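User: I would like to learn how to read aromatic pairs and nonpolar cores in a model. Could you take me through them step by step?

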Amino acid sequence: MTQSLSRRGFLHRSLQGITAASLVVGFDATTGSWITAGAAPASGRGPSDLPELDGVLFVDPARLAAAADDFGHIVHQQPIAVLLPGSVDDIVAIVRYARRRRLQVAMRGNGHSPFGQAQVAAGIVIDSSSLSTIHHIEPGSHSGSAWADVDAGVRWSGLIRAAFAHGLTPPVLTDYQELSVGGTLSVGGIGGTTHTSGIQADNVLELEVVTGEGKRVTCSPRRQRALFDAVLAGLGQSALIVRARVPLEPAPAEVQVYSLFYDDIQIYVEDQLRLLSERRFNHLQGQVVARPDGTGWRFMIEGGTYYTPPALPNPDALLAGLRDVRADALSVTQPYLDFAFRLDPVIAFLISIGVWEFPHPWIDLWVPASAATSFVGDVVSSLTAADTGGGPILFYPVDTRRIRRPLFRLPAERESFLFSLLRTAAPPTPDTVLRMLADNREIYDRLVNLGGTRYANGAVPFDAEDWRRHFAHRWPLLAAAKRRYDPDHVLTPGWGIFR
């Protein structure tokens, strides 16, 4: 029988089988357990002060176990309750309650974190999936820009489809679209247009958040700017995003995608930097891929140009002067939505064979362009398919000036390369996971000495001092925001930043 708490009628409609004795009315900090109506003191005194909720607070083992897992399948921190909010008011109420009871809270989107970032031991996980309304899409006009107003639990897949119905699209899409808006804005959100449009967290007009003090606040570049800057790419340390207004732009009808192959990393890096500078492609990414004969690795540029007929791309201009192995070049034309959801068939296959449920010790790094050839070349030279478990290896440049979020850490150089080992632990054993985690840490330490950084949402063992080094000159900004907006350290402990 599912144990849960709901008020204002939801309990009666949805959970009729639960008796009054099972109704949760409070939390006893001395015993670390919930107090039910049947066990509450007759006088009414004691910690039976759980607020009224529009949604449901679950305490059954199945829900708790699910919240103690994520896409990484590496860290397992079990909460004592999971809130499925029926409103933003529920989030305000539960954060205030947790603060009084000295509990901690984390917000979970679709659980795609690889290393327990959205987990909280003996605390409360807020499942944002129930806050999934696209409140408004403003198509824009000659006098105004287009935008969408969405709940934090909305998945980008839903927003992309809804916006495309108006001929619009978000300016930056990650490769995988089943992520929550609130989740990627809290971390950053990288995609194939980041080289021109920044990260998803750069493309936000306004936020509604709940701070660690349980205050509901609207913030933007012109209103509560300090909070706005602390929340976007702020890893949930100062406030939880509950609603966002994001810009939209005209969507193309089609995408011409070119896959260009290189056997020399130096030439690959030079051509990538040329494409970055000249901005030939709307979409610019790249990978380290296996050679067809299985004798090692080569490098692939993925360039996509957006267009709407009758306008057509000019292949000669797009590919002029590039030094790829032209005989191996590939080209495909896709409708824009097919391109946006190009990973869906791959993921469906991985799910069908069970690999999607394997551990994923991912590592995402930012490599200064000056060190890209030597550093990535050195890592790749000793890399085997067993080291990645068949997972993709991303390797492509960005113009760091396009990324403006103060808490999103990048190398000091103007151009940097994203280098990601999206590992799958195969076989899915503890020894495999530990080996990959140790390798992640060793690679990261080598990179830091070269002026590199990491994209925070990865599986790299970190302690509080590591986080101080990571944020570097931005650490005072984050620490000040934590003191101001979450003074009791209620929010998002899974990162291990403030201990």
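**Reading the core and its rings**

Analyst: Let us begin with one residue and its surroundings in this predicted model. Leaving aside residues up to four places away in sequence, F419 is in contact with I363, D364, L365, V367, F375, V376, V379, V380, I393, L394 and F395.

User: Which residues have the most contacts inside the largest nonpolar core?

Analyst: They are L207, F395 and F419, in a core that has 108 residues. Helix α12 (residues 369-381) gives the largest share of this core, with seven residues. There is also a second, separate core of 25 residues, which includes L57, L103, L240 and V490.

User: How should I describe a pair of aromatic rings, and how many such pairs does the structure hold?

Analyst: In general, a pair of aromatic rings is described by the distance of the centres and the angle of the planes. The structure holds 22 aromatic pairs. One of them joins Y268 and F395, with 5.4 Å from centre to centre and 35° between the planes, and this pair is tilted. It links distant parts of the chain, since Y268 belongs to helix α8 (residues 265-278) and F395 to strand β19 (residues 393-399), 127 residues apart.

User: Are these two rings, Y268 and F395, buried or exposed?

Analyst: Y268 is buried, its relative accessible area being 0%, and F395 likewise counts as buried at 0% relative accessibility. Both residues also belong to one aromatic cluster, formed by Y262, Y268, F299, F375, F395, F417 and F419.

User: Why is the pair of Y306 and Y336 edge-to-face?

Analyst: Planes over 60 degrees apart count as edge-to-face; the planes of Y306 and Y336 stand at 80°, with the ring centres 5.7 Å apart, so the pair is edge-to-face. This pair, too, links distant parts of the chain, with Y306 in strand β16 (residues 297-307) and Y336 in helix α10 (residues 336-340), 30 residues apart. As for accessibility, Y306 is partly exposed, with a relative accessible area of 23%, whereas Y336 is buried, with a value of 3%.

User: Where do charged side chains sit over rings, for instance the charged end of R342?

Analyst: The charged end of R342 is placed over the ring of F339, at 4.3 Å from its centre. In another case, R454 lies over the face of F462, and here the distance to the ring centre is 4.5 Å.

Key: Residues are numbered from 1 along each chain as its sequence is written. This is a predicted model: local features need pLDDT of at least 70, side-chain atom pairs count only at pLDDT 80 or more; totals for chains, interfaces and linings use all residues. Side-chain values use heavy atoms; hydrogens and water are left out. Rings of Phe, Tyr and Trp (its six-membered ring) pair if their centres lie within 6.5 Å; planes under 30 degrees apart count as stacked, over 60 as edge-to-face and the rest as tilted. Helices (H or I, at least four residues) and strands (E, at least two) are DSSP runs, numbered from the N terminus. Buried means under 20% relative accessible area, exposed over 50%, partly exposed in between (1.4 Å probe, protein chains only). A charge sits over a ring if NZ of Lys or CZ of Arg is within 6 Å of the ring centre and within 35 degrees of the ring normal. A nonpolar core is a set of buried Ala, Val, Leu, Ile, Met, Phe, Trp, Tyr and Cys residues joined through side-chain atoms within 4.5 Å. Contact means heavy atoms within 4.5 Å.
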